[in-house]
Amino acid sequence: QVIKCKAAVLWEANKPFSIEEVEVAPPKQHEVRIKIMATGICRSDDHVVTGALVMPFPIILGHEAAGVVESVGQGVTSFKPGDKVIPLFIPQCGECKSCLNTKGNLCSKNDLALGGGLMPDGTTRFTCKGKAIHHFLGTSTFTEYTVVPESAVAKIDSAAPLEKVCLIGCGFSTGYGAALQTAKVEPGSTCAVFGLGGVGLSVVMGCKAAGASRIIAVDINKDKFAKAKELGATDCINPKDFEKPIHEVLIEMTGQGVDYSFEVIGRTDTMTAALACCQYNYGVSVIVGVPPAAQKITFDPMLLFTGRSWKGSVFGGWKSKDAVPKLVADYMNKKFVLDPLITHTLPFTKINEGFDLLRRGK
């Protein structure tokens with residue numbers, strides 16, 4: 001039956017979230033209804049608030065979470081009520097070209113490109129005050145209950161602490177995988193990481209896990225430097241401390257530029273700086289931050305002609321359904337830490353305060 005619960009509804013852009021009572025419909029065929037136990041706040045959610053990521057309103061945002069299966073729709077065999085799960089904003093249908101290719105992970109059933117804000121059948125499971133409310137990236141985790149397609153859920157270790165492993169639903173996996181899966185950082189290499197939010201710090205952790213000998217962290221907020229060093233950064237630099245462009249500073253620091261660079265902010269100027277700071281012949285630069293809507297990049301094509309590679313990475317290049325349970329197992333086996341990425345734990349009703357902390361770089 002229909003569940004009535006609290007959700008943070010965004011009625012329009014550039015407005016605070018409104019805590020409302022919503023009705024959550026039962027799961028249809030091949031769908032799963034999940035009780036959300038913990039959700040993280042990600043800059044991509046804020047991009048919808050500001051209009052940098054275009055989505056239809058009203059909408060329930062949130063895409064980094066962990067919870068417990070409440071009920072399953074017809075035909076669902078791989079999940080049962082009580083299972084601990086992580087919703088996947090990049091699904092894994094197992095049938096499309098990306099799913100079938102060993103190099104791909106961006107399942108064509110994702111809603112990132114479409115931005116339709118609906119379930120695969122073109123309808124929504126949320127209503128509020130008689131109005132239909134849109135889904136976000138097939139997950140919508142800023143609610144006590146959500147409904148997701150079966151292809152967008154991963155079952156995880158029943159002993160996992162949900163308030164920590166929720167980060168594996170986006171931020172941690174995205175950054176860690178950008179280094180290990182997308183760039184394939186090698187032992188002894190030199191890396192530069194632009195942006196030291198939760199995802200950027202996870203890139204630092206990935207570079208360290210891969211055995212990089214030098215990891216240069218770049219941010220205009222020097223308050224982020226101590227934590228970056230704790231997680232493996234060898235150098236921390238603030239572009240505001242230099243007269244010359246940051247890519248020139250990095251080239252001088254390293255001799256010929258870094259082997260790998262990562263843009264984890266979502267700004268076009270830092271994307272070109274990250275490309276320019278990597279070694280001119282074999283350097284690899286990875287775009288991890290969500291690019292702003294309706295912005296274009298102009299750059300000197302000679303940067304690529306000499307041999308550099310420019311890549312993008314969504315969800316760290318992981319095939320979501322396969323990788324998430326393994327990453328949770330690795331966390332349980334203490335292969336990496338998540339605590340340093342968690343700065344505040346707030347009750348759900350204080351979600352707007354959480355976004356204020358994000359925007360203030362706290």
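Predicted model: local features only at pLDDT ≥ 70, side-chain atom pairs only at ≥ 80, totals over all residues.
I will begin with strand 3, residues 31-39. On one side of the pairing list is strand 4, residues 65-72, and seven bridges link strand 3 to strand 4. The two run antiparallel. To find this pairing on the screen, look for I36, which stands opposite G67 in strand 4.

Strand 3 also pairs with strand 8, residues 145-149. Here the count is five bridges, and the direction is again antiparallel. The residue to look for is K35, which has Y145 of strand 8 opposite.

Next comes helix 1, residues 43-50. Just past the end of helix 1 sits G51, and its phi is positive, at about 95°.

Last, the loop that runs between helix 2, residues 97-100, and strand 6, residues 126-128. K103 is in that loop. Is K103 buried or exposed? K103 has a relative accessible area of 79%, and the cut-off for exposed is over 50%, so K103 counts as exposed. One more point on K103: along the chain, W318 is 215 residues away, yet the C-alpha atoms of the two are 9.6 Å apart.

Key. Residues numbered from 1 in each chain as written. Heavy atoms only, no water. Pairing = 2+ DSSP bridges. Helix = DSSP H or I, 4+ residues; strand = E, 2+ residues; numbered from the N terminus. Buried < 20%, exposed > 50% of the residue type's maximum accessible area, 1.4 Å probe, protein only.
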